[in-house]
Each structure stands twice: as C-alpha cells, then as structure tokens.
Amino acid sequence: MPLLSADPAAFPTEPPSDTHDPAVTAAHDWAAFSALDEMTDHWARPGWSDGSRAYYWMLTFPDDQRLATLARYCQEELAPLGLDPVPTDGLHITLARVGTPGVVTPGQLDSLARDAEALLPSAFFVHAMPLAGSRGAVRLSLGPWEPLLRLHHALAKAGSSVGLAPKKPTSVFRPHLSLAYNNRRRPAAPVVETVSGLRALPAVELSVSAVQLVELRREGRTYRWDVRKRVPLG
C-alpha cells in the first residue's frame, strides 16, 4: 500500500496522521475545511461541462435509507445557503476515473472488471459522519480510511494491467461523500458555521460489499450515472 502524500490539488492537501482511526480523519477534514477563507464553484471544471460523460469506479448506496435520511436532514438545514444538493439516490463515494466512452472500449471495460474482481479486498464497513467540507462542497467525512485506500489501490492496480491507470494515484486519494455542491465563489465562513451545527449528528454505518463501474454524466448541476459493471468484493 503506497503511503499517502501531500497534493495541492487534493483536499485536504496534507494527509491525516492515521488512516485507521475515524476520529483522526474526521478531525483532519474539519481542520482543513474550517480554515478555508473562500469556497469555489464546484461546476467550474474545464473539460467537464454539462453533458460530459466518463467511466468511474464508485461506491453507490441507492437502498440505504439511513444515509438518505441523514442527507435530507443536512440538506434541509443547508438550504438557505443555496448549495446544489445531491439527490438521495445519487449519493456516492468517487473512487477513480477510468476514462471516456470515446476512448475506452467495451472490451477494456470487460477486462478491467475481470482483473479487478481478482484483486479486490474483502467486504467492509465504513462510517459516514461527521459533516465537513472542501473548497467546492459540503460532505461527510468517512472512517476508517484504510479499507477505502486498499480498495482504491486494488482498482488502480487492475487499471494499470489493462492500460487504464487512474490519473490520481492512491497516495493522493481523500475519501469523502458529498451532500451538496457549492455553485459560486463565496466566503467560506457562513458555510462553515452552518456545517458546524450539524457535526453532532449520529454516524451512519455503510456496508461496502461491491464496487460499481459506472458511466457518469453531468446533467446541469447534478451527476447521474448508469452502472456498467458491478464487481463484488472478496
């Protein structure tokens, strides 16, 4: 497993001191978010305009009612800020970008899924909460990070074996689950203050027993996808 490294494009830029302890990763997320002076527009992403599509490895939770309930409550409390809430059937953990439909062939997707299945770790649980954020979103911290890092590393290894290595290595992966995207440049303080009042909510335990290879698309100011492959964990 590669060691985590600092990356100015990642958030937080510096990795936490301990990826096994959820309290450490949550505190690290909050320290980075609460220190922000300004938030940026999540949707101002070159090459990712409305209608764009790409293949991604993701964890999705369409049937998790506890997560949906937590998300709806937080989104209602955040509503006065004018953020773009993630639909409850669109909650996800992004793992790694694979490529675009115009470049990646169906045969490569088949090979990728087959190679990944042989490398994936065992199923695991991860806790979502407390609430924090990044430069462009309000999101749930996750913990422990360690099984998510092992999963990312396995997917990166599978991708490399079929010529689809992810652009971002495991060393700069920062696991999180976004609840709302920021849609303009703004002072961070009002968002941080609102989020701080929601940090005592109980955590939700997420079961991770499979990973989804999806064709992700941007529809206005939201993300939707079609699952192309579902690969069970060991």
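Residues are numbered from 1 along each chain as its sequence is written, and side-chain values use heavy atoms, with hydrogens and water left out. As the model is predicted, local features need pLDDT of at least 70 and side-chain atom pairs count only at pLDDT 80 or more, while totals for chains, interfaces and linings use all residues.

Let me begin with the sheet. Four strands form an open sheet in the order β4-β2-β10-β11, with antiparallel pairing. Strands are DSSP runs of E with at least two residues, helices are runs of H or I with at least four, and both are numbered from the N terminus; two strands pair if DSSP finds at least two bridges between them. At the edges stand β4 and β11 (223-232), each with a single partner strand, so one side of each is left without a neighbour in the sheet. Within the sheet, β2 and β10 are joined in the antiparallel sense over 6 bridges, and Trp57 has Leu213 in β10 as its bridge partner.

Now to the helices. Helix α3 (residues 106-119) lies across β2, β4, β10 and β11, at about 50° to β11. Angles run from 0 to 180 degrees between N-to-C directions, with axes fitted to C-alpha atoms, for helices over the stretch in contact. Helix α4 (residues 146-161) also packs on the sheet, where it touches β2, β4 and β10.

Elsewhere, the axes of α1 (residues 22-34) and α5 (residues 189-196) come within 10 Å and cross at roughly 150°. That makes α1 roughly antiparallel to α5, a term for angles over 145 degrees. Trp30, Phe33 and Ser34 in α1 meet Val191, Val192, Val195 and Ser196 in α5, where contact means heavy atoms within 4.5 Å.

Finally, the pockets. A pocket is an open set of points on a 1 Å grid over the protein atoms alone, where a 1.4 Å probe fits, with protein on both sides within 12 Å along at least five of seven lines; lining residues have an atom within 4 Å of a point. The largest pocket holds about 1200 Å³ of space, a volume being the space filled by probe spheres set on the points. Of its 36 lining residues, Ala9, His42, Arg45, Lys168 and His176 are the closest to the centre. Strand β4 gives the most to this lining, with 5 residues. The second largest pocket holds about 240 Å³, and its lining includes Leu59, Phe61, Ser207 and Arg230.

Notes. Angles under 35 degrees count as roughly parallel, over 145 as roughly antiparallel, 65 to 115 as roughly perpendicular and the rest as oblique.
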